[in-house]
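Keep the sequence and the 3D view open while you read.

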Amino acid sequence: MDQSKEQRILNSVSYNAVKGDPESVINCIDKYCSQYEWAMNVGDEKGTILDKVVEEADPSVALELGTYCGYSAIRIARLLKPNTRLLTIEFNPEFASIAKEIIEIAGLSEKVTILEGHSEDIIPQLKKKYEVETLDFVFLDHWKERYAPDTILLEECGLLRKGSILLADNIIYPGAPEFIKYIRSNKRFECTSYPSHLEYMKVEDAMEKAVKDPGAAAMLF
Ligand SMILES: CCNc1ncnc2c1ncn2[C@@H]1O[C@H](/C=C/CNC(=O)c2cc(-c3ccc(F)cc3)cc(O)c2O)[C@@H](O)[C@H]1O
Ligand SMILES: [Mg+2]
């Protein structure tokens with residue numbers, strides 16, 4: 001049976017990237033996906049926005065919804081301080097195992113935990129089973145119609161605190177209209193849109209940042 005695109009991405013990383021060097025893994029995936037086979041990694045242009053928001057959040061505990069091949073998990077984890085961690089949820093077993101290997105090649109297995117399963121099943125387990133108190137940063141990049149329900153679920157599970165930062169990919173393309181409607185009409189969140197382009201394409205896209213109760217957090221200091 002011939003290999004999947006995701007397996008070919010892993011082959012390229014395994015052959016071309018420098019072991020233990022996250023930047024070289026990121027560059028290798030971006031090169032492969034812009035020259036050979038497009039894939040739905042956040043990519044380098046939107047990846048730079050992701051980097052900036054992660055640095056702003058400076059998270060102790062970060063969550064990603066939709067690991068795919070692990071590209072954004074590596075972008076996030078490479079910026080995390082010692083003794084901080086990224087939990088990333090992925091329900092496709094093939095993608096989860098490919099991401100695990102790519103994250104290993106980047107040398108970031110200590111900082112990244114891949115939670116295999118459906119976000120709506122795993123989010124309610126984060127506090128008790130994964131010892132999460134609250135999440136400092138959440139990157140949403142899974143099924144677009146699940147952005148809003150999973151944000152509501154994070155709230156219901158008490159996983160968001162004053163100042164928690166959400167960042168959502170693909171606000172324009174493929175689009176996440178229900179999420180935008182929900183988050184921008186929710187007084188508890190301060191939203192910012194970051195115009196960009198779809199990964200490896202000239203198509204318009206954008207990311208949306210939503211900070212929970214920012215004022216309250218600011219008043220604390
Ligand atoms: C069902 C919700 N729960 C989930 N729980 C755990 N993992 C989930 C979940 N959903 C999806 N996933 C996983 O997240 C990933 C899915 C991401 C969905 N992303 C997109 O559809 C997407 C699609 C495009 C795109 C853009 C232009 C096109 F022409 C075609 C596609 C670009 C992007 O940046 C995208 O993020 C997969 O690895 C999938 O297995
Ligand atoms: Mg995306």
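Helices α8 and α10 pack with their axes 7 Å apart, at an angle of about 40 degrees. α8 is therefore oblique to α10. This is a predicted model, in which local features need pLDDT of at least 70, side-chain atom pairs count only at pLDDT 80 or more, and totals for chains, interfaces and linings use all residues. Residues are numbered from 1 along each chain as its sequence is written, chains are lettered from A and ligands numbered from 1 in the order in which they are written, and side-chain values use heavy atoms, with hydrogens and water left out.

**Terms for helices**

- Helices (H or I, at least four residues) and strands (E, at least two) are DSSP runs, numbered from the N terminus.
- Axes are lines fitted to C-alpha atoms, for helices over the stretch in contact, and angles run from 0 to 180 degrees between N-to-C directions.
- Angles under 35 degrees count as roughly parallel, over 145 as roughly antiparallel, 65 to 115 as roughly perpendicular and the rest as oblique.

**Helix α8**

- On the α8 side, Y147, A148, T151, I152 and E155 meet E178, F179, Y182 and I183 of α10 (contact means heavy atoms within 4.5 Å).
- The contact of α8 with α10 has six nonpolar, one polar and two charged residues. Ala, Val, Leu, Ile, Met, Phe, Trp, Tyr, Cys and Pro count as nonpolar, Asp, Glu, Lys and Arg as charged, and the others, Gly among them, as polar.
- Buried residues in α8 include Y147, A148, D150, T151, L153 and L154. Buried means under 20% relative accessible area, exposed over 50%, partly exposed in between (1.4 Å probe, protein chains only).
- The cover over these buried residues includes β1, α6 (119-122), β4, β5, α9 and α10 (177-184).
- G158 follows α8 and has a positive phi, near 65 degrees.

**Helices α1 and α5**

- The axes of α1 (residues 5-16) and α5 come within 10 Å and cross at roughly 10 degrees. α1 is therefore roughly parallel to α5.
- E6, Q7, I9, L10, V13 and S14 of α1 make the contact with F95, I98, E101, I102 and I105 of α5.
- By class, this contact has seven nonpolar, two polar and two charged residues.

**Aromatic pairs**

- Rings of Phe, Tyr and Trp (its six-membered ring) pair if their centres lie within 6.5 Å; planes under 30 degrees apart count as stacked, over 60 as edge-to-face and the rest as tilted. The count is four aromatic pairs.
- One of them is Y68 with F95, edge-to-face at 5.0 Å centre to centre, with 90 degrees between the planes.
- Y68 sits in the loop between β1 (61-65) and α4 (71-77), and F95 in helix α5 (residues 93-105), 27 residues apart. Both Y68 and F95 are buried.
- F91 and W143 have ring centres 5.9 Å apart and planes at 80 degrees, so this pair is edge-to-face.
- F91 is partly exposed at 43% relative accessibility, and W143 is partly exposed at 49%.

- D141 and N170 are both buried.
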